[in-house]
Amino acid sequence: MARMTTYNPRKIVCAFGNHMVSGFADDSFITIEPVGDGTSYVIGADGEVARSIDPSRVYTIKISLLQNSRTNAYLQKMYDKDHQDGNGTFSVNINDLLGAQKFTSGIAWIAKPASWSRGKTQGNREWEITAADGEFK
């Protein structure tokens, strides 16, 4: 018998600190990428290979939100707070309730605020967040 799975974007739960993220953009709204080099290698003059495993657990999270999402105000507040007194960090918890994927990080901060634009129709704003000590579970 064939195996069937189901994906529902409404079952993606994302929390930054005590703030529940809402107002995700249409289509791709969360992207998580490792920052480190992964596994690299060098080859000696005699052909011997030596590997190095990057211990970094730092990730870049890009989150795309509707321009009127209340989460934009929260993220801007955290960015401003971080630049004012260094206390703009927060935890991250992203969970796909129907799948087995979960990403967590105890410390994250806004690396780059979203650009701001307006047009004839509502647009999206993409935020770049750095997550230290991130982990997929």
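Y41, I43 and V49 make a nonpolar surface patch of about 350 Å². Patches of this kind join nonpolar side chains (Val, Leu, Ile, Met, Phe, Trp, Tyr) within 5 Å, taken from residues with over 30% relative accessible area and no salt bridge; accessible areas come from the Shrake-Rupley method with a 1.4 Å probe, and for residues only the protein chains shown count as cover. The model is predicted: local features need pLDDT of at least 70 and side-chain atom pairs pLDDT 80 or more, while totals for chains, interfaces and linings use all residues. Residues are numbered from 1 along each chain as its sequence is written, and side-chain values use heavy atoms, with hydrogens and water left out.

Helices (H or I, at least four residues) and strands (E, at least two) are DSSP runs numbered from the N terminus. I43 is exposed, at a relative accessible area of 56%; exposed means over 50%, buried under 20%, and partly exposed in between (1.4 Å probe, protein chains only).

Helix α1 covers residues 70-85. Its 16 residues should span 22 Å at 1.5 Å a residue, and the end C-alpha atoms are 23 Å apart, which agrees; the expected span is 1.5 Å times one less than the number of residues. T71, N72, Y74, L75, M78 and Y79 are the buried residues of α1. They cover an arc of only 165° around the axis and so lie on the same side of α1, the arc being that of the directions from the helix axis to the C-beta atoms. R70, A73, K77 and Q84 are exposed on the other side of α1. The buried residues of α1 pack against several strands, including β1 (12-16), β7 (90-96) and β9 (124-132).

Q67 sits in the loop between β6 and α1 and counts as buried, with 14% relative accessibility. Not counting residues up to four places away in sequence, Q67 touches N72, S117, R118, T121, Q122, G123, N124 and R125, contact meaning heavy atoms within 4.5 Å.

The structure holds two salt bridges, each defined as a side-chain nitrogen of Lys or Arg within 4 Å of a carboxyl oxygen of Asp or Glu. In one, D133 pairs with R57, with the closest N and O atoms 3.3 Å apart. D133 lies in the loop between β9 and β10 (135-136) and R57 in the loop between β5 (49-53) and β6, so the pair ties together parts 76 residues apart in sequence. E135 also meets R57 in a salt bridge, at 3.7 Å from N to O.

Note on methods: Patch = residues over 30% accessible without salt bridge, like charges linked within 9 Å, V, L, I, M, F, W, Y side chains within 5 Å.
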